Amino acid sequence: MYNDSHCHLDFSVFDSSRDALMSACQQAGVEGFLVPSTTRSSWQRVTRLAVAYPQWRVAYGLHPYFLGEAKSDDIEHLAECCETNDALAIGEIGLDCWPGAMALDKQQFFFSRQLIIARDLKLPIIVHARKSYDLVIKAVRDTGFIYGGIVHAFNGSLVQANRLQELGFILGIGGTITYPRAKKAHRVLAELEDTAFVLETDSPDMPVCGFQGEVNTPLSIPRIAQSVARIRNSSVADIARQTNNNLLSTFPKWYKDTL
Ligand SMILES: [Zn+2]
């Protein structure tokens, strides 16, 4: 059995196909989904959908790329929302230094404030970081946040991977790894500890090799697991088991309903 540790199944692109997709995932052995939210207006929606789809685990947060409509009082509502809904994690939060992203000082304000809420509520976080690993590490240290989480779609160096692990994070490995040209990502993945990573799709984004231009879904997880197994000289079964264990140790509440 597999889990997808990062997928935006609440996005409207899935509205007409969500039920069928969830059945297809069940048949393909992809049975657990971590769905982070992006804006305050999406918190209610993911909460409602997680009732309809009990195999979803949800996180609440303000995504750095979608801060256009964010206001500082969203932060107080975030804390309240996490407590009311017994949140698994806070996310998707972080820093994005890609061209076209929000002003960095605004991103840093919201990231730090959300790190403080996560610290105070003792919740792990789901991190979005593009060209910003060192800034993310600094913000985590400055706020004294110690509850770890996932740095999703990791594509940094082995040094950055090790520094993030020292801070309690595991790394999300997704579709990038399926591309033969992603040599650097392959080298880093080959060197990681077994306990250092989990599988993710970032659906509907980040299609796997051969499916460029299509809407990505969690059905790509077995294909990602195959690539990971090949690169690490391991078996698909071992990769599935290990990454599921890694999710459980990072998110103690992941399976609380079934315990
Ligand atoms: Zn995401």
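The following dialogue explains how several features of this predicted model may be read.

Q: Which protein atoms are the donors of the zinc ion?
A: The zinc ion has three protein donors, namely His6 (NE2), His8 (NE2) and Glu92 (OE). They lie 2.1 to 2.2 Å from the ion.

Q: What spacing do the donors of the zinc ion follow along the chain?
A: The spacing is H-x1-H-x83-E. Histidine 8 and glutamate 92 thus link distant parts of the chain, being 84 residues apart. Histidine 8 belongs to the loop between strand E1 (2-4) and helix H1 (18-28), while glutamate 92 is in strand E4 (residues 89-96).

Q: Are histidine 8 and glutamate 92 buried or exposed?
A: Both residues are buried.

Q: How is the pairing of strands in a sheet to be understood, and what is the strand order of the open sheet here?
A: In general, strands of a sheet pair through backbone hydrogen bonds, in either a parallel or an antiparallel manner. In this structure, an open sheet of eight strands runs in the order E1-E2-E3-E4-E5-E6-E7-E8, and the pairing is parallel.

Q: Why is one side of E1 and of strand E8 (197-199) left without a neighbour in the sheet?
A: E1 and E8 stand at the edges and each has a single partner strand, so one side of each lacks a neighbour in the sheet. On average, neighbouring strands of this sheet are turned by 30° against each other, direction ignored.

Q: Over how many bridges do strand E2 (residues 30-36) and strand E3 (residues 56-60) pair?
A: E2 and E3 pair over four bridges, in the parallel sense. Within this region, leucine 34 stands opposite arginine 57 in E3.

Q: Which strands does H1 touch?
A: H1 packs on the sheet and touches E1, E2 and E3. The direction of H1 makes about 130° with that of E2.

Q: How is a pair of aromatic rings described, and how many aromatic pairs does a search of the whole structure find?
A: A pair of aromatic rings is described by two values, the distance of the centres and the angle of the planes. The search of the whole structure finds seven aromatic pairs. Tyrosine 53 counts as buried at 11% relative accessibility, and tryptophan 56 is buried with a relative accessible area of 3%.

Q: Why is the pair of phenylalanine 251 and tryptophan 254 tilted?
A: The planes of the two rings stand at 40°, so the pair is tilted; the ring centres are 6.3 Å apart. Phenylalanine 251 is buried, with a relative accessible area of 0%. Tryptophan 254 also counts as buried, at 1% relative accessibility.

Q: Which residues form one aromatic cluster?
A: Phe145, Tyr147 and Phe169 form one such cluster.

Q: Where is glutamine 108 found, and what does glutamine 108 touch?
A: Glutamine 108 is in helix H4 (residues 104-121) and is partly exposed, with a relative accessible area of 31%. Leaving aside residues up to four places away in sequence, glutamine 108 touches Leu95 and Leu135.

Q: Is glutamine 160 buried or exposed?
A: Glutamine 160, placed in helix H6 (residues 158-166), has a relative accessible area of 17% and is buried, because buried means under 20%. Glutamine 160 touches Tyr133, Asp134 and Phe154, not counting residues up to four places away in sequence.

Methods: Residues are numbered from 1 along each chain as its sequence is written. This is a predicted model: local features need pLDDT of at least 70, side-chain atom pairs count only at pLDDT 80 or more; totals for chains, interfaces and linings use all residues. Side-chain values use heavy atoms; hydrogens and water are left out. Donors are N, O and S atoms within 2.8 Å of the metal (3.2 Å for Na, K and Ca); water is not among the atoms, so sites may look incomplete. Helices (H or I, at least four residues) and strands (E, at least two) are DSSP runs, numbered from the N terminus. Buried means under 20% relative accessible area, exposed over 50%, partly exposed in between (1.4 Å probe, protein chains only). Two strands pair if DSSP finds at least two bridges between them. Axes are lines fitted to C-alpha atoms, for helices over the stretch in contact, and angles run from 0 to 180 degrees between N-to-C directions. Contact means heavy atoms within 4.5 Å. Rings of Phe, Tyr and Trp (its six-membered ring) pair if their centres lie within 6.5 Å; planes under 30 degrees apart count as stacked, over 60 as edge-to-face and the rest as tilted.
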